[in-house]
Amino acid sequence: MPPFTRLWPLVAMLLLQACASLPPETYAPKLGQMGKDVMWLPTRDELVTQMLTAARVGPHDEVVDLGAGDGKIAIAAARQFGARAWGIEYNKDLAALAQRNAQRAGVADRVRIVHGDIFKEDFSKATVVTLYLLEELNAQLRPTILAMRPGTRVLSNTFSMGDWEPDQVIRAGTNTGYFWTVPAPVAGQWSVQGLAPQGPVLLRLTQRHQRLGGTLSWSGQTQTLLGASLNGADLHFSFVQADGQLKAVLVRVQGASIQGEVVGPYGMGDFHPEVVKVTGQRLGD
């Protein structure tokens, strides 16, 4: 008897066991069916992939999908990008379907779907947040999301976040997604060492989400920051020293302290300037 013939009964038994482990599907959601606050419409596959790619989702991420539906985004995050993922779905039947879909996709060990309320569940430890809600629901969630760890990545299908400008607009055919990075709170005054030989300088920052303005003051002089930007906890700006040299500063914000370096001048060929360490402490608003 050929080897494959002898193995066929075992293969058939394993297939039957696999099928038996999944209950027969008795629930099929309908496009446009109403939930607590929104109707159910799945995100297009190509937009799911492009959004998760824009956020650079990877194996070290924890993705949470607010309004998980049939689990498509959580499953894609695990299967295509290797992330751990979970979803919050208010409809009990949809939540159960999404968990079965994760099992069918072979990612049940990395995907879980919670039957719950997105306004009550704690998703503060997630590194990536995805949404397909309405503009007003995004507005309600925005304070919670902005309070998450700086650097948390946020993705939304179709609907924006009001005056929180997206870092990137994602196009997939006729569909649109938005990408943000949660910024660190930096507004106020900072005493910064390493920017001037005389000693500490006063850094004043104004902030609207990731958009910044500010000044540097030392020895009775004040100048406007050049090219100030904020990406998560990374603060970057340039300034002109008293000798006319342009200096670029990159520091990481850690609560009430900052730490990084200042480098320059540029355009000096093989000249490699000494890297100067920068530290600072928040003084207040």
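What share of the contacts in the protein chain with a separation of 6 or more comes from residues 24 or more positions apart? The figure is 51%. Do keep in mind that this is a predicted model.

**The chain as a whole**
- The secondary structure of the protein chain consists of 5 helices and 16 strands.
- Of the 285 residues in the protein chain, 41% are buried.
- Carbon and sulfur atoms hold 56% of the accessible surface, which totals about 15,300 Å² for the protein chain.

**Helix α3**
- Helix α3 spans residues 72-81 and is mostly covered, with 7 of its 10 residues buried.
- Those buried residues include a run from Ile 73 through Ala 74, Ile 75, Ala 76 and Ala 77 to Ala 78, and Phe 81 is buried as well.
- Their packing partners include two helices, α2 (45-54) and α4 (92-104).
- Strands also take part: the buried residues of α3 pack against β1 (62-66), β2 (84-89), β3 (111-115) and β4 (128-131).

- Ser 217 sits in strand β10, which covers residues 211-218.
- Is Ser 217 buried or exposed? Ser 217 counts as buried because its relative accessible area is 13%, and the cut-off for buried is under 20%.
- Beyond its neighbours within four places in sequence, Ser 217 is in contact with Val 201, Leu 202, Arg 204 and Thr 222.
- With Arg 204 there is also a polar contact between the two side chains, at 3.3 Å.

**Two loop residues with positive phi**
- As background, most residues other than glycine have a negative phi.
- Thr 158 has a positive phi, near 75°, although Thr 158 is not a glycine.
- Where is Thr 158 placed? Thr 158 belongs to the loop that links β5 (153-157) with β6 (168-172).
- Thr 158 is partly exposed because its relative accessibility is 36%, between the cut-offs of 20% and 50%.
- Ser 219 is another residue other than glycine with a positive phi, here near 55°.
- The loop between β10 and β11 (221-224) holds Ser 219.
- Ser 219 counts as exposed because its relative accessibility of 54% is over 50%.

Technical notes: Residues numbered from 1 in each chain as written. Predicted model: local features only at pLDDT ≥ 70, side-chain atom pairs only at ≥ 80, totals over all residues. Heavy atoms only, no water. Helix = DSSP H or I, 4+ residues; strand = E, 2+ residues; numbered from the N terminus. Buried < 20%, exposed > 50% of the residue type's maximum accessible area, 1.4 Å probe, protein only. Polar contact = N/O pair within 3.5 Å; in protein donor to acceptor, adjacent residues only side chain to side chain. Contact = heavy atoms within 4.5 Å. Areas by Shrake-Rupley, 256 points an atom, 1.4 Å probe, with all protein chains shown as cover.
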